[in-house]
There are 2 protein chains.
Amino acid sequence: MANNFPSSSGTQPKEPALLHDLNEPLIEHAEGQLFLTETFKIILEEVLCKGTDVKEKVCEWKEPEELAVLLDLELRDTGEPQGKLLKRVKDVAKYSIKTSHPRFFNQLFAGVDYHSMAGRFLTEALNTNLYTYEIAPVFVLVEAEVLRGMHRLVGWTEGDGIFCPGGSISNMYAMNLARYQLFPEIKSRGLWGLPRLTIFTSAESHYSVKKGAALLGIGTDHVILVKVDDGGRMIPEDLEEKIKLAKSEGSVPFLVSCTSGTTVKGAFDPLDHIANLCEKYMLWMHVDAAWGGSVLFSSKHRHLMKGVDRANSVAWNPHKMLVAGLQCSALLLRDTTNLLKRCHSASATYLFQQDKFYDVNLDTGDKSVQCSRKVDCLKLWLMWKAVENISSTLERYIIFFISKYYQEQLSKVAPLIKERMMKEGTMMVGYQPQENRVNFFRVVAFSPLISQKDMDFFLNEIERLGKNM
Amino acid sequence: MANNFPSSSGTQPKEPALLHDLNEPLIEHAEGQLFLTETFKIILEEVLCKGTDVKEKVCEWKEPEELAVLLDLELRDTGEPQGKLLKRVKDVAKYSIKTSHPRFFNQLFAGVDYHSMAGRFLTEALNTNLYTYEIAPVFVLVEAEVLRGMHRLVGWTEGDGIFCPGGSISNMYAMNLARYQLFPEIKSRGLWGLPRLTIFTSAESHYSVKKGAALLGIGTDHVILVKVDDGGRMIPEDLEEKIKLAKSEGSVPFLVSCTSGTTVKGAFDPLDHIANLCEKYMLWMHVDAAWGGSVLFSSKHRHLMKGVDRANSVAWNPHKMLVAGLQCSALLLRDTTNLLKRCHSASATYLFQQDKFYDVNLDTGDKSVQCSRKVDCLKLWLMWKAVENISSTLERYIIFFISKYYQEQLSKVAPLIKERMMKEGTMMVGYQPQENRVNFFRVVAFSPLISQKDMDFFLNEIERLGKNM
């Protein structure tokens, strides 16, 4: 194969015979499009109609061994006929969790938005990559416009940003940018020779802060956990003490990762107060608003993030509270000095030619640590375009509801109720312990498909499932 | 909002009134499904029929300012009616690049596979997350089966792996795993106190190796570029010299990143030879087979990757040569000691409860540095299921063709031809310089939609576009 390439001296390919059986394209469009159309019908019926119907189950629980047989999971050397493949499509839909079901309270994503869904199908069909204007003219502009819209909500008139594959990666970007700004030589020389760097975040922040510190070579020991109050909010006084302590021990504090909407309690850290400390100690202020960021759409609730405009960076996942669909996750930056590109650029000549016939500043690829980057902005743009009076509409989405702690002595109650729940498939909600408290249910309720009846159902169903234990 | 949460002492929400306007769900399914159906029709017509028709243009070039107006890009506070939104959908399709067009030779992705497309639509509709069996029972099993299939092709009977958001991230994973295996304390303590770590890769390897080294705190200076031969393949003798040199300077070599299918020339490094050196010097052998990995499906061409079974890790993107659609990118590991999980785990209690009612080894989330992780395996599983005699079918895909270098004195020829090409929209192909050679066209030809006629067209069209310069 490698022999097929012209060598640097320009010799001809040695096996031109390879091209001989290429008289016709290899694809049958009509048959393929029929398959796709049939799949679309199954999606409409099984996922979008039955999957959102309260009379249907949220899940059709199967043990892994049984499910593998039902799906005919095994990959073989021989292909299957179209009819059999359509049965696979139907089975995948049947045995998958119906995350759009009104009684799916299990995760920080749920629901369905049809404009977003249309944007997602279109994105998949167009199958392109968000690194140059040349290859994605529409999406480069759409991404910039969506980022501008999000900037405005944060309170910035300008700035930078990028869509990332999830909030954890956005948080890592923030860490990498913060340390690069402080020590630009890190990019070429690495961490050697630099003092120990320290990150501060609340004890209830997302685990991705530690994951990021490990990946970036900073180490989880250098993520200092700041105490929280009863509501789960970072205590600024404890933050200041810990900053002082780290400095006195010879470490270099460089970043505070605040949380707007913690994963379990949904708490919002006091951003304004923390911003004062970041200014005082010259630290990068990052806000992990993966879950909570969408309150910025609500004039009623945006006060929860007061001070966010003073942050250096904000991670915000519209795939969560805004129902934009996985994945849709933006990192927003206040920076206007092209820090993102300076920090991440590699200037590959095959992709980012500087002698192009258009403004190469439109090529966003060098802002990313990825090369291929999925288009995640179109769906949000389309649903944003669709919403009548976005502020008041989105306010209705924003209802958090966390169940009361189950103060039973036995932590086994929640896991048992959960098992019964999954096997009956009537609803889905997650449980977990916290600090010295036993397992409790964390009900996440924000999907536009939920009504009061579903919340009543939730409480009654927990009671019913808990009988005869 | 934060006041709505019960505090740890169990007080009631203070604003139960919030639930009052929730008597009905907020969504109109019928209208939404109609919009989605209309979008599907547009996708069929504009993207899949016209977009793959040689009589139609590959792109409808517009300058950014003009395109912004045509799309009515701006996001406003008021919503648009369905008819207008459908026009947006149509316009997005119209002005986007037709990457499935037979005359799109521009990138390492192209073409369309309808079974994959069906899998992608289904994935989007099911909207779930690949971190626990509970939330993605079908996809956890499908991912494991697809990884098993890929392992077999690499030549392993067991191993580990994970789908990542692109090959660059897969390459970073390999770096992180390699250094963690050598110095497990890195995860908690970071790079401080450790000797300088060195990575080796060929001068023609992908730029993500340097990007990864920068992100991981290793630094681009510690990526040593090994010389290549005329065909663009790493020279093992130079590798050995550079390993010895680094050691003599007090560095710790820990990883060789080989390439199977370089980005510009499509060269395959001599894996067996490099494996000997990795064994001799006890280095982690990683193979970046993002582009070339798919030759493993071909009994005729898999010899190009002889020795890949001796690697510790392989990055392979079926979204490239296999036409699986962006993104579809796997990291494969020979390891059977749960290294991936040990290196990346954070054991979040809200997600990875250990008292679940099923085998928690099925929860894959702690293998990832992400939290939310998109489902990228279903489309590959479905197309794999569909292919009759996969080995011989895929062999037809595997045709590389790199155009002859334009040995003109002026490097401006290719950019000018490119400009004319884009503005007429007749085809798309990328150009770049290399070493001391001027700009040349890099024709990527592997899509199943291409026939001999399209290759003829390519050569004639370059000639036509180049007239009157």
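Is Cys343(B) buried or exposed? Cys343(B) has 4% relative accessibility, so it counts as buried. The cut-offs are under 20% relative accessible area for buried, over 50% for exposed and partly exposed in between, with a 1.4 Å probe and protein chains only.

1. **Basis.** This is a predicted model: local features need pLDDT of at least 70, side-chain atom pairs count only at pLDDT 80 or more, and totals for chains, interfaces and linings use all residues. Residues are numbered from 1 along each chain as its sequence is written, chains are lettered from A and ligands numbered from 1 in the order in which they are written, and side-chain values use heavy atoms, leaving out hydrogens and water.

2. **Cysteines.** The whole structure was searched over all chains, and 0 disulfides were found. A disulfide here is a pair of cysteine sulfur atoms within 2.5 Å. Cys343(B) is in none; its nearest cysteine sulfur, in Cys164(B), is 12 Å away. For Cys258(B), the closest cysteine sulfur belongs to Cys278(B), at 5.8 Å, which is too far for a bond. Cys258(B) is buried too, at a relative accessible area of 0%.

3. Contact means heavy atoms within 4.5 Å.

4. **Helix packing between chains.** Helix α1 of chain A (residues 29-49) packs on helix α4 of chain B (residues 114-126) at about 15°, with the axes 9 Å apart. Helices are DSSP runs (H or I, at least four residues), numbered from the N terminus. Among the contact residues are Phe35(A), Leu36(A) and Ile43(A) on α1(A), and Phe121(B) and Leu122(B) on α4(B).

5. **Arg120(A).** This residue lies in helix α4 of chain A. Arg120(A) is buried, at 5% relative accessibility. Leaving aside residues up to four places away in sequence, Arg120(A) touches Ala324(A), Gly325(A), Leu326(A) and Lys379(A), plus Glu124(B) and Asn127(B).

Conventions:
Axes fitted to C-alpha atoms, helices over the stretch in contact; angles between N-to-C directions. Helix = DSSP H or I, 4+ residues; strand = E, 2+ residues; numbered from the N terminus.
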